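User: I'd like to learn how to read the features of a model. Please take me through this one.

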Amino acid sequence: MNSEFSRRSLLRTIAGVAVGAAALPSLAACGSGTSATSAGNAGKTLAPWPTYTPVKGLRPDLPATASGVLDTFLTYPSNLVQAVPSKPGDGSTVKVMMITYGAPPKGPDSNRMWKAVNDAAGVNIELTMLADADFMVKYSTMMASGDLPDIMMLGRSPLPNEAQFLQAKCADLSEHLSGDAGARDYPNLAAIPGYAWDAMGRVGGRIYSVPIHRPLLGHSVFADSDRFTAAGIWQPTVGGLKKDDLTKGLVSLNTQGHYALGTSTAANFGYLTHAGVHGAPNVWSLNSGTFTATYGTEQFKAAIATMAEWYGKGLYDPAALTTSLAQANNFFTNGTYLSITAGFGGFTTYAQNIGDTFKVDFLRPYDAGTTPTPWFAQSYFGYTALKQASPERIKMLLRVLNFFASPFGSKEYELITYGIEGVHFTRGKDGGPSVPTELGKVENSVNLPFGYIASPPMVNYIPGRPEAAKRCYQAQVDIVPKGVADPSLGIQSATRNKQWPTLLNMVNTGINNIVTGKQPISAWDGVVKRWKSQGGDAIAAELAAEYGKSHG
């Protein structure tokens, strides 16, 4: 289980987090005698991850780098490969529970994309899709009832006792996935980079899930670089623009009907980005075996002060805390917001939706008086766990996951992501499925998020937008080498497994109150004190103990 809960939530709305935490089952309610400490990995023999086997045959136009920059394709591959030699399924019904950010789709009998994917996978997939605002409470109900689906997307929002739930109710996948055998039987899963598996982590030394891969570069600020250039504040070099100069330029852009800084309830004023710009450690710092939370650092406090200053100057929409992510995206696309904070994947959507109206680009970390330390994302969007079942069914379900992890450039990937040619899309000038049909605007990977069942290694490809893909690649080249990871990724803490939703809510509420002027910046010291006393110090001690035993 992964500790990067701040990134895990991807800053989705967690106003109901305390209710969700209270509703979640205790370990006893799961019907398990598993102790909280047994979820740790210290002193355990660690099951090997699948032997890493990169995808073969694809030649990117701009290659990946060892630092974590993604392979970039400026045009679509002309010859698609067959990634899975035969249907993986056995014709049975497979129930799946996952998050969604789209509209409810019609069922497979009335949905050609869904039916085609079912046919290709060889199973009857039944999807239960939960909106992000409902995710925690509905998952808690499912976990407490014991009526589990076959495939569960977890790791998206922090769930207390999540590691213990995996041990009690989910299949131990170690014997199926570990080592060369795992790579042989499930090669698409073995192509997922090792850093994503490490970040997800083991539970009690065992493998209980498969990560849904995401890039290292995570929460970012996207901007209308044309307007920023005109205001004299576009600087494509990390640390090349002073914060005071940026502030002056933002004020000049903040004309009637426009806000220089876009945000939403999901983004909490973009503090994950601004904390890193101010040099704050990525959630935790690790020094000589000691873990120290970022929240008590002067750099983190300075980031809050900067956001409060900007809010006071009217640079943020005053309705930010009631603006949904979907609304914020629309405001950025139509020019109401001149910048927006969102996850890395938002860039592709913005580039496609904005087209040639203006040039969207990544705002490089500015100079806030300290060396910027951009925060890496946790490198996975969530992870997939399987309900306990017979070995034969687990193998079949893993073959289904392997199917959904078919790589970019494969026939399976095209079907899962874009649908059927001529039905859901037509091809653009680069041969890619860049032109959705009317049906494709409804039946698509947003409303049918099959990629949350399993996902291949991500690549940087933006259909019909090679110049945008180049900008995305260059931003990674500029920012990724300077990024820092959360050192607690993959390390278990019993208190964190239980308390993190409440602690994260405390942080987010404290930030929002100070930024919006409800409380002074001095109030942050009290937030940190409460955070530490109500579980933060215990988590730090547990992380240190686990780290010392497993790395000593």
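User: By class, how many nonpolar, polar and charged residues does the lining of the largest cavity have?

Analyst: Keep in mind that this is a predicted model. To read a lining, sort its residues by class. Here the lining of the largest cavity has eleven nonpolar, six polar and two charged residues. The lining comprises 19 residues. His-219, Ser-220, Thr-273, Pro-365 and Pro-374 lie nearest the cavity's centre.

User: What is the volume of the largest cavity?

Analyst: The largest cavity has a volume of about 190 Å³. The structure holds three cavities of 30 Å³ or more.

User: Which elements give two or more residues to the lining of the largest cavity?

Analyst: Trace the lining back to the elements. Strand 5 and helix 12 (271–277) each give two or more residues. Helix 12 gives the most, with five residues.

User: Which residues line the second largest cavity?

Analyst: Ile-233, Gln-235, Thr-237, Gly-239, Gly-240 and Leu-241 are among its lining residues. The list also includes Leu-246, Leu-363, Arg-364, Pro-365 and Tyr-366. By class, this lining has six nonpolar, four polar and one charged residues.

User: Now the sheets. In what order do the strands of the five-strand sheet stand?

Analyst: Read the order across the sheet, then the sense of pairing. The order is 2-1-3-10-4, in an open sheet with mixed pairing.

User: Why is one side of strand 2 and of strand 4 left without a neighbour in the sheet?

Analyst: Look at the edges. Strand 2 (124–131) and strand 4 (210–213) stand there with a single partner strand each, so one side of each has no neighbour in the sheet. The twist from one strand to the next averages 25°.

User: How many bridges pair strand 4 with strand 10?

Analyst: Three bridges, in the antiparallel sense; strand 10 covers residues 380–386.

User: Which strands does helix 4 touch?

Analyst: For packing, ask for contacts, then direction. Helix 4 (residues 135–145) packs on the sheet and touches strand 1 (93–100), strand 2 and strand 3 (151–154). Its direction makes about 140° with that of strand 3.

User: What is the strand order in the three-strand sheet?

Analyst: The order is 8-5-9, in an open sheet with antiparallel pairing. Strand 8 (339–342) and strand 9 (360–362) are at the edges with a single partner strand each, so one side of each lacks a neighbour in the sheet. The twist averages 30° from one strand to the next.

User: Which residue stands opposite Ala-223?

Analyst: Ser-339 in strand 8. Strand 5 (residues 220–224) pairs with strand 8 over four bridges, in the antiparallel sense.

User: Which helix lies across strand 5, strand 8 and strand 9?

Analyst: Helix 14 (residues 325–333) lies across them, and it runs at about 145° to strand 8.

User: Last, the hairpin. Which residue takes a positive phi in the hairpin of strand 6 and strand 7?

Analyst: In a hairpin, check the pairing, then the turn. Strand 6 (residues 284–287) runs antiparallel to strand 7 (residues 290–293), and four bridges join them. Trp-284 stands opposite Ala-293. Two residues lie between the strands, and Ser-288 takes a positive phi near 55°.

Key: Residues numbered from 1 in each chain as written. Predicted model: local features only at pLDDT ≥ 70, side-chain atom pairs only at ≥ 80, totals over all residues. Heavy atoms only, no water. Pairing = 2+ DSSP bridges. Axes fitted to C-alpha atoms, helices over the stretch in contact; angles between N-to-C directions. Contact = heavy atoms within 4.5 Å. 1 Å grid on protein atoms, 1.4 Å probe; cavity = no way out; pocket = protein on both sides within 12 Å on 5 of 7 lines; lining within 4 Å. Points joined across faces, edges and corners; volume = space filled by probe spheres on them. Nonpolar A, V, L, I, M, F, W, Y, C, P; charged D, E, K, R; others polar.
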